[in-house]
Structures are given as C-alpha cells and as structure tokens.
Amino acid sequence: MSDLDYQGVWVFIEQKNGAAAAVSWELLGAGAELAKTLDVELSAVVIGDKVEHLCQEAFSYGAAKAYLMDDPVFHYYRTEPYYKSVCQLINKYKPEIVLLGSTSLGRDLAGAVATELKTGLTEGCTKLGIDEKRLLLMTRPAYSGNIMATVVTEHARPQMATIRPRAMAMPEKDTNRRGEIIREPAAIREESIGVKVLEVIDSSQQGSGTVNLTNAEIIICGGRGVQSKENFQLLQDLADAMGGKVACTRAAVEDEIAPFNLWVGQSGVTVRPKVYIACGVSGAIQHLAGMRDSGVIIAINYDRQAPIYEVSTYGIEGDCLQVVPAMTNYVKELRAKKAN
Amino acid sequence: MLIVVCIKEVPDAAYINLNPVNGRLIREGVPCILNPFDAYALEESIKLKEKYQFRVAAICMGPPSAEGTLRKALAMGVDEVVLLSDPAFSGADVLATSLVLSAAIKKLSEKDEIAMVLCGKQTIDGATGQVGPGIATRLNYSQLTLVDRIENVDQPGKKITVRRMVDGWYETIEATLPAMVSVVPQINHPREPAVRMQMMADRAQVTRWDNTVLQLAAQDIGLKGSPTQVRKIFSQTMPESEILGDGISDPEGAARSLIDTLIENDIFSV
C-alpha cells in the first residue's frame, strides 16, 4: 500500500464523563497547522458514552470532521474496546497522522493501536513539524530530558505521536464553526471484553497517603537545602499562601525532611505545573527528569553553579529559608491590600 | 503458573552526554544499570511468588553484557532468567522490541502456563512506556498499565484485580488472565538482595536465546523491523535563567521582585 492512500490529520479527543482533556484541544491547534502545511483535512475522533456534544466542541477548536463512536461500552476507558475501535476507524478512513495526548489514557491507548497496526509511534513529543517529503517530524526529550531526538516514521502509516500536555498552545475557540459528524458503530460488544471497572475514586478524596501533585498548578519543592522538617513547614506556608502544593526531592526524603509521597523525580512523581519553585534544590538529573516540563521554573539556591539553574527561568541567589518566608509575607500583604 | 518479568539494562542517565563535535551519544565510560522502574516489577513478582506460589522468569533483551542485570534479578529471587541477545535484535524501536519479548514469552509458555507479564512503568532511556502495551496487544493479554496495587489473583478462576493510578484518580479493575501488568514505583519498596543470594546469582548459568531460537523474520526485528527512525539528536539548550535581586544581602527585596515578576507576566495572581 502506498503512503498516498493515507491522507489527513486526526486528533483523538480524550474525555472522562463527557468532559474533554485540555490537551485534546491543544492538539487540534497543532494539528490544524500540520493539516494546513500538508493541505489536508483536520478531523477529531470522539469515542465515549453520550459524547456527541464533544464533536461540536472539536469543530469550534478547528476540526472539520468528527468521527463519532457513541456507545455505553465506552463508558469507562478500557484498552480493548477503545483500541479496537480506533484501529477500525483508521483502517477504514486511513489518516496519515494520528495525534493523542501523552497522558495516562493516551499512552495506554496509543501503544496498543500502533502495535495492532504495526506502525511507528513516538511518545511524549514536545514539538511537531513537517519536512520537505511531507513526513511528520516528531521531537521529544530522551535520556531524562538531557537530549532531544527528532524521529520520523518513513514508511508505515499512519504516523502516530503522543504529545505532552501544555507543549502546544491552546487554539482560539470559535463556536460559530461547523463540521461534519461521521457516525460509526462500536467495534466490540460488552460480552467479549475481559476487563471490568469495579470502582473509580477521585484521589483527592483519599486520605493522607496520596497527594495529587500531577494536577497542581503551583508546586513549591524543597530539597536538601531546607535542612529540617520544621523548615519544610515554611514551604507549606508559601504553598498555602499561593494556592499551591508542596513537593520534595529524593535527598529531602532521605534526610527525613519530607515524606516519600511528595517525591518528585525520575522514580517519584512526574509533574508539570504552571509554576515550580525549587527551594534548596541542587537539581540532580533524576530530579530534573520529573519536573523539567513545568511552565516556569524558579530556583532559590545560593549556589549559582547548581544544575537547577540550567532549567530555570528565574532565580534568586540566596538562602531559601530567608527568601521563602519573605515571599509568603509579601503574597499575604498583596492579598490584604487587594481585599481592602 | 509462571510470571514473566521484562527488564532492561540502561545507561545511567546521570552520565549521558552528547559529543559536541559529531552530535552522537557518548557511550564510552557510561555505567549501565538495571532500569530503575524495573526493580519495582521484579519486587512485585517475588511478592506474588511468595503469596501465590508462582514461578518467576525474568527476560532481558540486550547485548551479552546485560547478563549482569539478569543476575541482579536472580539475586532478588526470580527462578529463571533468559537473555535475548543477537546482533540482529539491535537498533530496535518499540514495535521490534515488543516482538522479540513476545516471542520469548510465547516460548516460555510452552513449558508452563503464563499468569502474567510484569513490566516497569517505562525505561529511563527511551521512556516511552509503550513496550508493555505492545506485548499485551501482540499476545492478546489483558492490558493493565499504571498499576499501584495488585489486590487479588484468582488462579483457578483466571482473574486478577488491580488498582490503577491514573491522572487524578484511582480505578479498581478486574481482568482475565493472562494479563500484562505494568507497575508504578508507588507499588512497593524493592528489596536489597541478601549476600547469599547474590553469591548464588553470580555463579548461576544465564540462558541465552538468539534468533536461531526465536526464529523471527529478519525484516521484523532490530533496525529493519523498526518503523520509526531517529533523524537527529541534539542537546536541549535553555536560555540563561534571569537572576532577580540580591538574594544574599536583601532576601526580602528579591522575594518581592520575584512575586512582582510573576504577577507582571501573568504567571501568578493574588
């Protein structure tokens, strides 16, 4: 089969309980640019239970078409019904590019789809482009983010990529845009599925054992420079003042400054908040791997040579134990002024 | 029944650098380690063995030197290890890697019925997290990623119940066996091998399978069997960070200037 049989750019719209993940709209923005360069159509793939409204939302973010599979079998995300359905759509309509968010769900689904279709998949991209041969250029960090790699899928189709949330800009929404909905039946029936979802719990409702750092917009992270459990409370105070959450490095866990469940890093939690304030953090490569995709990184460390400065947008050369309480006080002062 | 754990030997990320002249990865002198995420899969397999009397095999695709990593698995308590090593396997991307691992798992299933395949969440070098789903799809196993707790394994009923840790929520899932389970670091604390086990592992025979054993078509493995190609690698360059105020003599002023800067740039609001 020739590459020319495959045409168009598709974006998988990830949703939970009928609400779309923001990354899906970001991908429609990125997909629109690719489609424009290639002079092909941009389409959304909407799969779920009572999710037709997401088609119109996809049109308002730039899709010209939406492939819709609306069936109770898709109520909860499960790999098998979703991947078989996506494969069926791809085999029937043959897009040249399929984009998904690099999220828990997107990564689970993309791996199954690419394997079934025997095509290439590039995970966790932060940049996309098109080369002179109309190939999709997929750029992603590798080796804990030290190195970037640009990957292509020369012959297999479709070219598949998952893209990190917030790597692409959110496109303008225009509710006047319209598009075409193409309805397709589910590729699988409930009786043949071996997986059942027994219970779903929002982790923010759980006890102290779990802290959901992955959704935090502001993270105040403490490293060895925080020195003690008592000092760590200063970070908590700043987090409370700014409306953020506290986190820590592995060194801080080892020194018993902060608990294990707050550990951000390669083997801990990976986070991408809007603002990441690293206090007394030197920036070991394993730590950077867990946070370097944050929007704005701020280093508060008296050692200007510390690697944390290599990934930071702003820095304060000083003792975090003096700077952090001063920040807390200033935020409170501004809040009080505003309230008056 | 058998549990197969897939592990990988990876270069220690702390030592990875690019040659500034030719833009290639510098491999000389970079120590190799067991992929840190795989230690959790190994630990979980040993726990399941202790609780449910499974046999455990660990497999690893890599160069002959990766034998050392399999010995680490033996020292932790797995019963059997197989190194999948053939120059024809090298240069494999996700698709070609999952093919070799799946073929080895199939071969192991000739001797003993497989209950599950355990994988780490991802590797630290490729970090795709896609080899597990690749194996599940190829073998038609239940695919259970991001598992932070194995609640129950019902061997006669061929069912497994796990908890998955997904962005912002937990879900408890029941699935049919065999299953591919990839685990997150929150699942356990990997053990340090006892000295006695380490000594036993150092002396043990490591089985090695090359492609004369697995009999895979040449166009499906290694570089040839990989649909993705790396076109370019480069170092990530970051702009210099902007230093605000004088944090040493005037921490208060620096703190204020930081908050003001965040507010001016719409990064933070009060």
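A: Start with the contact between the chains, in what is a predicted model. The contact takes 79 residues from chain A and 68 from chain B.

Q: Which element gives the largest share of the side of chain A that touches chain B?
A: Helix H8 of chain A, residues 320–339, supplies nine residues, the largest share.

Q: What is the make-up of the side of chain A that touches chain B, by class?
A: That side has 35 nonpolar, 29 polar and 15 charged residues. Gly is counted with the polar class.

Q: How do you know that strand S13 of chain A pairs with strand S9 of chain B?
A: Two strands pair if at least two bridges are found between them. Here seven bridges join S13(A), residues 195–202, to S9(B), residues 169–176. The strands therefore count as paired. They run antiparallel. In this pairing, Glu199(A) stands opposite Thr172(B).

Q: Why is strand S10 of chain A called largely enclosed?
A: A residue is buried if 20 or more other C-beta atoms lie within 10 Å of its own. Five of the seven residues of S10(A), residues 147–153, are buried, so the strand is largely enclosed by the rest of the structure.

Q: Which strands pair with S10(A)?
A: One is strand S9 of chain A, residues 136–142, which pairs with S10(A) in the antiparallel sense over five bridges. There, Met148(A) is the bridge partner of Pro141(A). Another is strand S12 of chain B, residues 228–235, joined to S10(A) by seven bridges and also antiparallel. Ala149(A) stands opposite Ile233(B) in S12(B).

Q: What is the strand order of the open sheet of seven strands in chain A?
A: The order is S7-S11-S6-S1-S4-S5-S12, with parallel pairing.

Q: What makes S7 and S12 of chain A edge strands?
A: S7(A), residues 121–125, and S12(A), residues 180–183, each have a single partner strand, so one side of each is left without a neighbour in the sheet. From one strand to the next, the twist averages 25°.

Q: How do you know that S6 and S11 of chain A are paired?
A: The pairing rule asks for at least two bridges. Five bridges join S6(A), residues 97–101, to S11(A), residues 159–163, and the two run parallel. Val98(A) stands opposite Met160(A) in S11(A).

Q: Which helix packs on this sheet, touching S6, S7 and S11 of chain A?
A: Helix H4 of chain A, residues 104–117, does. Its direction makes about 170° with that of S11(A).

Q: Which residues of H3(A) and H4(A) meet?
A: From H3(A), they include Tyr82(A), Val86(A) and Ile90(A). From H4(A), they include Leu109(A), Ala112(A) and Glu116(A). The residues of this contact divide into nine nonpolar, one polar and two charged.

Q: How much of chain B counts as buried?
A: Of its 270 residues, 47%. Chain B has seven helices and 13 strands.

Conventions:
Residues numbered from 1 in each chain as written. Chains lettered and ligands numbered in written order. Predicted model: local features only at pLDDT ≥ 70, side-chain atom pairs only at ≥ 80, totals over all residues. Contact = placed C-beta atoms within 7 Å. Helix = DSSP H or I, 4+ residues; strand = E, 2+ residues; numbered from the N terminus. Buried ≥ 20, exposed ≤ 12 C-beta atoms within 10 Å, placed from the backbone. Axes fitted to C-alpha atoms, helices over the stretch in contact; angles between N-to-C directions.
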